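Please keep the sequence and the structure in view while reading.

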Amino acid sequence: MSLHDQDDPAVRAAQEERLRKVWTPPKGLFLRWTDVNNNRVGVWYTLTAFCFMLFAGVLALIIRTQLAVPDNDLIGANTFNQLFTLHGSMMMFLFAVPMFEAVSIILLPQLLGARDLPFPRLSAFGYWSFLLGGVFVGGSIFFNAAPDGGWFMYPPLTTRTDLSGLGADIWMLGLSFIEVSSVAAAVELIVGVLKCRPPGMRLNLMPLYAWYILVVAVMILFAFPPLIAGDILFEMERLLNWPFFDATRGGDPLLWQHLFWIFGHPEVYIIFLPSIALFAMLVPTFSRRHLLGYPWIVLAAVGTAFLSFGLWVHHMFTTGLPKISLAFFSAASEAVAIPTGVQIFVFIATLWAGRVTWSTPLLYATGSLAIFVIGGLTGVMVAVAPFDWQAHDSYFIVAHLHYVLIGGTLMPLFAGLYYYWPLVTGKKLSDRLGRIAFWLLFIGANIAFFPMHLSGLMGMPRRVFTYPAELGLGGMNMASTIGAYLFAAGVAVICVDLCLSPHRAKSPRNPWDAGTLEWLAHPDDEDWGIRSVPLIESRYPIWDQKDFVAKVDEGRFFLADAEEGRRETIVTTVLDARPLAVIRLGEPSVKPMLTAIALGGVFILTTYHLYWAALACGVATLACALWWLWTGTAEIPEKPSKPIGHGIVLPLYIAGPAAPGWWAMFITMMADATAFSGLIFGYFFFWTRHAEFPPMAMADGPGIAWPMIALALGLASWLLTVSARQVHARGAVGLARVALMIGILASVAGIGAGLAGPWESGMDPQTHSYPAIVWTLVVWTTAHAGVAAIMQGYVLARSIAGRMDPQHDADLRNITVYMHFFALTVLVTYATIGLFPEVA
């Protein structure tokens with residue numbers, strides 16, 4: 001039957017009958033509060049990130065009050081250091097990145113016409129991890145235990161426990177916990193965009209917001225893991241005295257700067273591109289036309305992401321790098337302005353060519369572009385090495401950073417807030433209050449930060465808690481403080497507007513007359529989402545496809561019922577969005593929350609050196625994760641397939657590269673491999689920095705024998721798992737179980753062989769960076785061998801319990817992906833530590 005030919009009364013009557021067969025969530029206050037429905041998680045996520053932003057803003061006001069006049073004694077130096085460190089850390093780690101992930105969790109299912117993203121429990125786990133880590137880090141200020149080394153935490157000041165207190169551990173371990181939630185959200189968003197698009201939504205028909213989120217989530221996979229690697233080295237130096245950054249014992253503090261800024265500079269674009277994505281949604285709406293240059297803006301977004309990884313060293317121009325490095329990274333820093341400019345000019349051209357309807361969201365969008373362009377121009381200035389030498393660590397850099405972040409992140413988020421508030425709550429925000437807030441924000445931002453360019457060039461250093469009157473900078477600092485309070489007043493007006501919103505009348509559905517899929521939804525919709533999953537033929541289907549909204553509401557497209565009472569959505573192919581299967585999504589559960597609490601205990605208790613309690617929490621985390629997986633994934637359905645409408649029948653079980661779970665494992669392991677590459681980078685960084693590495697006294701390293709035995713055992717474990725997958729698929733279940741059993745033994749034996757090399761060689765990791773980095777690589781690899789053994793045992797248990805058979809083998813296929821990456825880790829680690837000293 002044609003999708004456009006559905007006026008048969010019998011068909012319509014059957015569809016109306018199925019309207020009553022929809023998924024309804026379990027009742028009960030606790031389950032509903034911990035519900036994994038992504039819309040609810042996204043709302044909680046957004047509100048929490050917004051509260052952290054307000055808290056960090058209050059810290060900023062205290063900072064500006066202290067700096068309003070010379071020689072002020074409102075707060076002391078130690079408190080000031082804690083304030084500016086926590087302000088920067090919370091804005092970057094607890095607001096900017098989590099906010100885009102939270103908004104995406106709300107919008108993406110709507111934009112993709114999906115019932116939900118594929119792993120709603122993973123989203124819930126990410127939220128609870130973010131909340132616990134954020135409260136732990138932010139609350140430290142009330143106990144005079146906040147970090148005080150800057151949001152970049154440069155060693156050796158921060159790695160020496162006699163110079164920095166508990167705050168450095170709180171920063172490192174608390175934010176490492178939060179990074180887990182960021183990677184979890186990235187996995188969810190990538191798989192959602194690639195595998196849960198509605199039928200017909202080819203890649204070239206995706207909403208630009210989905211493109212931007214896909215690009216940014218991939219960036220997270222390559223930006224956050226190097227920082228995780230740096231965090232590991234950082235905490236090993238603080239907790240175990242392993243000298244990665246101690247120059248007197250073969251370490252180098254510049255290693256931290258490289259690992260941090262490999263993350264730190266792409267992060268600026270990780271938080272900028274989602275804001276541009278909001279422009280890509282609202283500019284066409286208020287221009288009343290399709291966005292111009294769709295292919296160009298996609299290429300520009302990808303180009304911005306690619307170039308952003310090639311310019312981290314411009315934060316290190318003053319560290320004495322070779323001239324060729326300065327030239328390369330200076331050129332890359334200037335080149336990134338090109339794709340950024342393309343995106344801005346596309347928006348301007350669309351407004352120019354359309355019939356513009358001025359609105360509060362568009363006012364915020366255009367104002368933020370003006371602020372961002374000023375920040376971008378000063379960014380090109382500091383990309384020039386000689387100028388950077390003069391402006392580095394001055395208030396000129398503070399001005400540049402805040403122009404970029406306010407214009408490229410905060411103001412666009414306020415534009416999105418006014419645009420999408422009716423979608424979330426069914427109520428519009430006040431245009432009058434919104435415009436008052438905009439002008440307070442716009443004027444306040446410029447008064448606060450423009451004078452900093454001048455004060456910085458006149459010699460005002462950043463990160464100082466006071467300054468002498470003789471510098472003549474009191475007037476400009478007072479102006480900046482006044483501007484900061486004006487900006488805060490604008491935020492306060494927005495908060496008042498939000499508080500008044502529940503008392504306003506309901507707005508009509510799609511009040512802006514937008515053309516994209518998210519406006520199919522309405523706040524009064526049931527928990528199962530839109531009535532039917534549509535067929536997409538245009539980038540703006542509400543505008544371009546005849547009677548589109550009515551057909552969706554009447555259930556005239558796909559999956560118009562939930563006959564079995566389960567929450568379901570359609571999985572499609574990556575390139576052209578052909579329907580592949582129907583997947584069943586996770587039900588409301590407390591398991592993600594319990595897993596996050598247990599994992600949080602590992603990080604928090606380690607901060608206070610309560611290692612046995614942290615170990616107990618680690619065991620609890622493993623138990624919760626296995627419980628979650630055992631009862632909530634790879635379920636064998638009660639029937640092989642189900643009709644989704646229009647004569648199409650899809651399977652209810654899918655495994656291998658077509659399945660979301662396989663993609664989730666692959667993406668997670670890409671992040672894992674990137675973190676591992678950061679550790680390998682550390683090994684060869686030391687080799688390039690020291691004329692004698694390894695030192696002559698340690699030239700034999702862990703030897704060759706034990707690393708080669710560990711390598712052989714690791715590869716054997718990998719080969720046995722691959723073989724188990726192949727023979728299992730052919731029906732030889734018993735042989736597959738035997739292969740898995742032997743694989744477990746090989747993984748466990750590989751742990752012992754890997755640790756034996758440096759142990760028997762008497763390598764003391766506290767004496768020099770060489771044994772320290774060798775031990776780190778070995779511990780990383782043997783930990784992965786332990787995870788491999790657990791995964792092999794888990795799959796073996798699933799097979800014995802009857803939860804896996806040759807036709808339903810997603811678990812075995814997924815762990816095989818892990819084993820591929822494990823084999824690569826084993827090969828690189830043991831070849832490096834076992835063979836490289838001999839080669840050198």
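The text below treats a helix, then aromatic pairs, and then charges over rings.

The model is predicted: local features need pLDDT of at least 70, side-chain atom pairs count only at pLDDT 80 or more, and totals for chains, interfaces and linings use all residues. Residues are numbered from 1 along each chain as its sequence is written, and side-chain values use heavy atoms, without hydrogens and water.

Helices are DSSP runs of H or I with at least four residues, numbered from the N terminus. Helix α24 covers residues 769-800, 32 residues in number. The expected span is 1.5 Å times one less than the number of residues; for α24 this gives 46 Å, which agrees with the 46 Å between its end C-alpha atoms. Of its 32 residues, 25 are buried (buried means under 20% relative accessible area, exposed over 50%, and partly exposed in between, with a 1.4 Å probe and protein chains only).

The whole structure holds 56 aromatic pairs. Rings of Phe, Tyr and Trp (its six-membered ring) pair if their centres lie within 6.5 Å; planes under 30 degrees apart are stacked, over 60 edge-to-face, and the rest tilted. Two of these pairs are tabulated.

| Pair | Centre to centre | Angle between planes | Class |
|---|---|---|---|
| F152 and Y154 | 4.6 Å | 40 degrees | tilted |
| F438 and F442 | 5.6 Å | 25 degrees | stacked |

F152 is buried at 7% relative accessibility, whereas Y154 is partly exposed at 24%. F438 and F442 are 4 residues apart in helix α15, so about one helical turn separates them.

A charge sits over a ring if NZ of Lys or CZ of Arg is within 6 Å of the ring centre and within 35 degrees of the ring normal. R539 sits over Y294, 3.7 Å from the ring centre, and R798 lies over W630 at 5.3 Å.

Conventions: Helix = DSSP H or I, 4+ residues; strand = E, 2+ residues; numbered from the N terminus.
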